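This report describes one part of a protein model for a reader new to structural analysis. Please consult the sequence and the structure shown below while reading.

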Amino acid sequence: MFPEYRELITKLKTENDLHFVKLFDAHNDLDEEINNLENDPVAHTSRSEEIEGLKRKKLALKDELYQYLQTKA
């Protein structure tokens, strides 16, 4: 995610920028949850609306991360 900001991301994580780390971890947690649901044949079918909602939340977090990175660059 955001290869153009790789060094800045590493710096923010290393410096323990709490706001950034919170957003970054929330995004990664959602990504893992979505992947687990999509890889489960039963959940993928029965929880498709929930999965779509999680994808929207993940995208919103990604947008917020991008905006935050732009302010720190």
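Where does Asp 17 lie? Asp 17 is found in the loop between helix H1 (6-14) and helix H2 (18-39). Helices here are DSSP runs (H or I, at least four residues), numbered from the N terminus. The model is predicted, so that local features need pLDDT of at least 70 and side-chain atom pairs count only at pLDDT 80 or more, while totals for chains, interfaces and linings use all residues. Residues are numbered from 1 along each chain as its sequence is written, and side-chain values use heavy atoms, with hydrogens and water left out.

Asp 17 counts as buried because its relative accessibility is 16%; buried means under 20% relative accessible area, exposed over 50% and partly exposed in between, with a 1.4 Å probe and protein chains only. The side chain of Asp 17 reaches the backbone nitrogen of Phe 20 at 3.1 Å. Not counting residues up to four places away in sequence, Asp 17 touches Leu 12, Tyr 68 and Lys 72, where contact means heavy atoms within 4.5 Å.

**The helix residue Phe 20**

Phe 20 has its place in helix H2. With a relative accessible area of 0%, Phe 20 is buried. Leaving aside neighbours within four places in sequence, Phe 20 is in contact with Ile 9, Leu 12, Lys 13, Leu 65, Tyr 68 and Leu 69.

The table gives the geometry of two helix pairs; axes are lines fitted to C-alpha atoms, for helices over the stretch in contact, and angles run from 0 to 180 degrees between N-to-C directions.

| Pair | Angle | Axis distance |
|---|---|---|
| H1 and H2 | about 110° | 8 Å |
| H1 and H4 (residues 48-72) | roughly 90° | within 11 Å |

The angle between H1 and H2 makes H1 roughly perpendicular to H2, a term for angles of 65 to 115 degrees. Ile 9, Leu 12 and Lys 13 of H1 make this contact with Phe 20, Val 21 and Phe 24 of H2. These residues divide into five nonpolar, no polar and one charged; Ala, Val, Leu, Ile, Met, Phe, Trp, Tyr, Cys and Pro count as nonpolar, Asp, Glu, Lys and Arg as charged, and the others, Gly among them, as polar.

In the other pair, Leu 8, Ile 9 and Leu 12 in H1 meet Tyr 68, Leu 69 and Lys 72 in H4. The contact of H1 with H4 has five nonpolar, no polar and one charged residues.

Notes
Helix = DSSP H or I, 4+ residues; strand = E, 2+ residues; numbered from the N terminus. Polar contact = N/O pair within 3.5 Å; in protein donor to acceptor, adjacent residues only side chain to side chain. Parallel < 35°, antiparallel > 145°, perpendicular 65-115°, else oblique.
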